[in-house]
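Could you walk me through this one in the viewer? I would like to know what to select next and what is there.

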Amino acid sequence: LLKLLEAAAVAQDLPGKLEVQQMDVLEAAGLSKSHGGMPRRASSCPSDVEVFDVIVCSDCLYKHEVASAIAQLIGRALLKRPGTILIVTDANRRGRQTFLDELDELLGLSLGDSVPPTFEAVPVPDWAADGAKDPFDGTFTEEVGLLKLF
């Protein structure tokens, strides 16, 4: 996906610089645990001084600890720069509610008359890779959840 984003930016001759980052979300959120006595290493982790124009997170909420870490990272990024464009999709993985609850708590989205974050069902486009086949269980899906904050 990262190479695809870079290629699309070059092909469209977009102004400015596109920088893509891949990260170990558990390390970045400070939730990393040693694995076999070795600390986890990320290729790149955002710091609290970095800002992002766009954050894309797709089908990553498959574990509760990962979902919590992603919510913390996104929450911190949005608090630092509320104008950040955020795109999060989820195929109803087990960490979905953990992600929503953590993000809601961090951003205070359901305080007072506000609405908590939800995932809105959207159809998977016909051009989806491998016909939207789930890599974990081999099933096919016709829709995914798209994060809705307001």
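Four salt bridges are counted in this predicted model. Start by selecting Arg 81 and Asp 53, whose side chains form one of them at 2.6 Å, N to O. The pair brings together distant parts of the chain, with Arg 81 in the loop between α3 and β2 and Asp 53 in the loop between α2 and β1, 28 residues apart. Asp 53 is exposed at 52% relative accessible area, while Arg 81 is partly exposed at 32%.

Next, select Arg 93, which is buried at 14% relative accessibility. Its side chain meets that of Asp 59 in a salt bridge of 2.9 Å, N to O. A salt bridge also joins the side chains of Arg 93 and Asp 134, at 2.7 Å, N to O. Arg 93 sits in the loop between β2 and α4 and Asp 134 in the loop between β3 and β4, so this pair ties together parts 41 residues apart in sequence. Show Asp 59, Arg 93 and Asp 134 together: shared partners make them one network.

Now turn to the surface and pick Val 54, Val 56, Ile 85, Ile 87 and Leu 146, a nonpolar patch with about 390 Å² of accessible area together. Strands β1 and β2 each supply at least two of the patch residues. Ile 85, in strand β2, is partly exposed at 48% relative accessibility.

Last stop: Leu 149, in the segment after β4. Is Leu 149 buried or exposed? At 16% relative accessibility, Leu 149 counts as buried. Beyond its sequence neighbours within four places, Leu 149 contacts Leu 78, Leu 86, Leu 103, Leu 109, Val 115 and Pro 117. Leu 86 is 63 residues from Leu 149 in sequence, yet their C-alpha atoms are 9.4 Å apart.

Definitions and conventions:
Residues are numbered from 1 along each chain as its sequence is written. This is a predicted model: local features need pLDDT of at least 70, side-chain atom pairs count only at pLDDT 80 or more; totals for chains, interfaces and linings use all residues. Side-chain values use heavy atoms; hydrogens and water are left out. Helices (H or I, at least four residues) and strands (E, at least two) are DSSP runs, numbered from the N terminus. Buried means under 20% relative accessible area, exposed over 50%, partly exposed in between (1.4 Å probe, protein chains only). Contact means heavy atoms within 4.5 Å. Patches are made of residues with over 30% relative accessible area and no salt bridge: like charges are joined within 9 Å, nonpolar side chains (Val, Leu, Ile, Met, Phe, Trp, Tyr) within 5 Å. Accessible areas come from the Shrake-Rupley method with a 1.4 Å probe; for residues, only the protein chains shown count as cover.
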